[in-house]
Amino acid sequence: MSKAAEIDIVSVSKVYGQTTAVHAISLKIPAGTYCCFLGPSGCGKTSTLRMIAGHETISSGDIRLGNAVVTDLPPARRGTAMMFQSYALFPHLDLIDNVAFSLKMKGVEREERRGKALEMLKLMQMEAYANRRPAQLSGGQQQRVALARALITNPEALLLDEPLSALDPFLKVKMRAELKKLQKTLGISFVHVTHSQEEAQALADLIVIMNDGRIEQAGTPRAVFERPATAFVARFMGDHNVISGRITAIEEGVATVEVPDGGIFRVAAEGAEVGAPADIGLRIDRIRFAEPETPGTGFTGIVSNVEYRGSSVKITLIGAGADDFTVVVGDQDFFDRPLSPGDAVPVSWAFGEALLLGRVH
């Protein structure tokens with residue numbers, strides 16, 4: 001297999017007519033990394049992947065793979081391989097000829113390319129199906145063939161555009177484990193586009209969260225979940241409440257944040273300014289039903305919804321300037337002290353659990 005190479009995205013933009021899809025993003029993906037680009041539809045993640053692959057031209061900026069600037073190179077000369085969402089297998093060819101196709105285009109002799117294709121099918125545990133056509137395979141099997149076809153070129157990086165989106169939930173989880181294992185075995189970088197937070201957290205060494213053509217945060221799954229950089233990241237990753245207001249005072253490193261409904265909250269200041277808008281992030285599993293021990297670390301809310309989830313119960317409240325403040329408690333704790341819509345209930349958290357979130361300008 002090829003040696004893994006670092007991918008360096010340097011101030012890369014993509015403009016379609018009057019629309020900027022990607023705004024001068026910069027990112028280093030270390031060699032041998034499983035990197036997931038995560039974000040809602042239209043955030044620029046697929047455009048970024050296609051620019052790395054060479055399937056989209058770069059409006060400005062550069063992309064380096066290892067020591068080579070690949071900005072103007074065609075896809076076949078970049079050292080990358082792309083696996084498309086649709087798999088794009090040739091229906092009239094058997095699996096060996098599907099996998100060997102790129103080698104045929106390069107003029108590799110028939111026996112040699114078919115031998116290499118069979119090796120790749122063995123890696124994917126698909127050699128028993130070598131003489132079948134794609135239509136005779138399940139979705140998961142077709143995906144393995146598409147992976148084999150992408151990897152036969154010995155790429156330095158494999159690019160995957162929502163590769164699991166067509167699979168059923170059980171197969172998704174199984175293929176996730178196989179992708180992770182394959183990446184570790186090959187030692188090359190995988191760059192994987194998804195809109196599933198769960199998928200990104202399960203697979204990635206590096207999560208890159210995009211919104212509106214910009215990178216909101218890049219970090220390990222744990223760093224992104226534990227310390228979301230912005231309100232968008234906190235909401236998009238899920239399992240966080242966001243309280244939005246304005247900073248009215250800062251004393252001894254503690255900011256006072258006032259929300260539109262008159263609620264007042266306190267949070268460690270870290271670079272805050274009086275008068276500035278502010279977002280406070282709170283993990284939904286760190287909130288308890290109790291009166292606050294210190295001022296500014298709780299409020300009384302009205303229960304609007306209760307959702308039983310088996311081992312836990314999700315309670316939605318109206319309060320703190322929001323109508324969707326969420327608390328998750330263990331099922332036993334909930335049924336010891338059940339709540340119903342319309343109940344008024346105090347909620348609170350430890351001062352250190354509240355994070356002052358940043359803003360992308």
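Predicted model: local features only at pLDDT ≥ 70, side-chain atom pairs only at ≥ 80, totals over all residues.

Modeller: Residues are numbered from 1 along each chain as its sequence is written, and side-chain values use heavy atoms, leaving out hydrogens and water.

Colleague: At what angle do helix α2 and helix α4 pack?

Modeller: Helices here are DSSP runs (H or I, at least four residues), and strands are runs of E, at least two. Helix α2 covers residues 95-105 and helix α4 residues 139-151, with axes (lines fitted to C-alpha atoms over the stretch in contact) 7 Å apart. The angle, on a scale from 0 to 180 degrees between N-to-C directions, is about 30°.

Colleague: Which residues of α4 make the contact?

Modeller: Contact means heavy atoms within 4.5 Å. From α2 come L95, N98 and V99, and they meet V145, A148 and R149 of α4.

Colleague: Which element gives the largest share of the lining of the largest pocket?

Modeller: β6 (80-83), α2 and α4 each supply at least two residues of that lining. The largest share, four residues, comes from β6.

Colleague: Which residue forms a salt bridge with E56?

Modeller: A salt bridge puts a side-chain nitrogen of Lys or Arg within 4 Å of a carboxyl oxygen of Asp or Glu, and the whole structure has 17. For E56, the closest N and O atoms are 3.7 Å apart, and the partner is K14.

Colleague: Where does K14 sit?

Modeller: E56 is in the loop between α1 (45-53) and β4 (60-65), 42 residues apart from its partner. K14 lies in strand β1.
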